[in-house]
Amino acid sequence: MADLVVPKQIISVSDIPAVICDPKPVIFWDTCPLLYYNTIIERRAYQEYEKDSQLYDWIKNGLVYSVTSMVVLEEFNHHHKAKRNNDLYREQALKVAMKQYGDIFGSPQKEDLERGMNVLNLASHMDQMVCDLWANTYVIDTNATLTEKAHKRCLGYLPPASVKSEYKDCYIWETFLAMCQEMPNKSRAFFMTDNTEDFCGNKQSRIPFPEIDSDAKRVQGNVRFAKHLLWVDIAKMLGII
């Protein structure tokens with residue numbers, strides 16, 4: 001596997017009407033839910049695997065658009081290499097230990113352990129899923145207009161910059177708003193985040209700041225908090241069921 005993920009296509013804001021043109025739902029990713037999925041193994045949150053893998057399958061099969069910002073791609077790749085290598089190292093170390101135990105115990109334990117080793121590929125499998133997701137994700141490139149709007153939000157301490165004055169959060173949000181303005185099916189666009197602190201003002205809240213809510217309504221977009229959604233919630237949200 002490559003150390004860096006590669007998107008389906010890098011597009012400009014002006015490309016959006018031609019690229020995101022079909023009447024199907026659009027997931028626009030913030031960085032956190034993508035990185036959160038990347039930690040399923042170390043968090044042992046395997047119950048999340050079914051939900052996320054189903055969403056990834058819908059994207060891979062063309063039922064849902066997957067879109068994000070260049071800022072998200074760069075931030076994800078910054079974390080991905082070390083995380084991926086650590087998971088694969090631990091997986092390989094476990095396989096080596098199982099082989100050593102098999103050599104010590106001999107038959108029939110050795111054969112049982114070897115069969116277990118053959119299915120011990122969770123890290124590799126999840127790494128492939130992540131690469132497949134990005135291979136089906138459009139990335140909206142940076143531009144001067146989005147940069148200026150993000151800076152203005154930071155300078156004015158407007159959400160999502162009202163808590164930590166985080167420029168990248170503002171840039172990602174402005175990219176989502178720009179996408180919604182350009183795409184023909186605005187009400188089918190969902191900003192997927194887990195960053196309740198900067199978008200709601202409270203880690204326990206799921207009610208966006210009034211400014212965020214007003215922004216979303218202006219462009220007929222929607223904000224959703226990924227880790228609080230069940231599989232059936234996502235399916236209904238996207239109109240799959």
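Me: How far does helix α9 reach from its first C-alpha to its last?
Reply: Happy to start there, keeping in mind that this is a predicted model. Helix α9 covers residues 167-182, which gives 16 residues. At 1.5 Å a residue, 22 Å is expected. The reach of α9 from first C-alpha to last is close to that, at 23 Å.

Me: Is α9 mostly covered or mostly exposed, and how many of its 16 residues are buried?
Reply: A residue counts as buried when its relative accessible area is under 20%. In α9 the buried residues run through Asp169, Cys170, Tyr171, Ile172, Trp173, Glu174, Thr175, Phe176, Leu177, Ala178, Met179 and Cys180. That leaves α9 mostly covered, and the number of buried residues is twelve.

Me: What share of the residues of the chain count as buried?
Reply: Let's step back to the chain, which holds twelve helices and six strands. Its C-alpha trace spans about 70 × 35 × 30 Å along the principal axes. Of its 241 residues, the share that count as buried is 47%.

Me: What part of the accessible surface of the chain belongs to carbon and sulfur atoms?
Reply: Good one to ask next. The accessible surface comes to about 12,100 Å². Of this, the part belonging to carbon and sulfur atoms is 53%.

Me: Why does Ile240 count as partly exposed?
Reply: Ile240 lies in the segment after α12 (231-238). With Leu63, Trp231 and Ile241, Ile240 forms a nonpolar surface patch of about 350 Å² of accessible area together. Partly exposed lies between the buried limit of 20% and the exposed limit of 50%. Ile240 counts as partly exposed because its relative accessibility is 30%.

How values were computed
Residues numbered from 1 in each chain as written. Predicted model: local features only at pLDDT ≥ 70, side-chain atom pairs only at ≥ 80, totals over all residues. Heavy atoms only, no water. Patch = residues over 30% accessible without salt bridge, like charges linked within 9 Å, V, L, I, M, F, W, Y side chains within 5 Å. Areas by Shrake-Rupley, 256 points an atom, 1.4 Å probe, with all protein chains shown as cover. Salt bridge = Lys/Arg side-chain N within 4 Å of Asp/Glu carboxyl O. Helix = DSSP H or I, 4+ residues; strand = E, 2+ residues; numbered from the N terminus. Buried < 20%, exposed > 50% of the residue type's maximum accessible area, 1.4 Å probe, protein only. Expected span 1.5 Å × (residues − 1).
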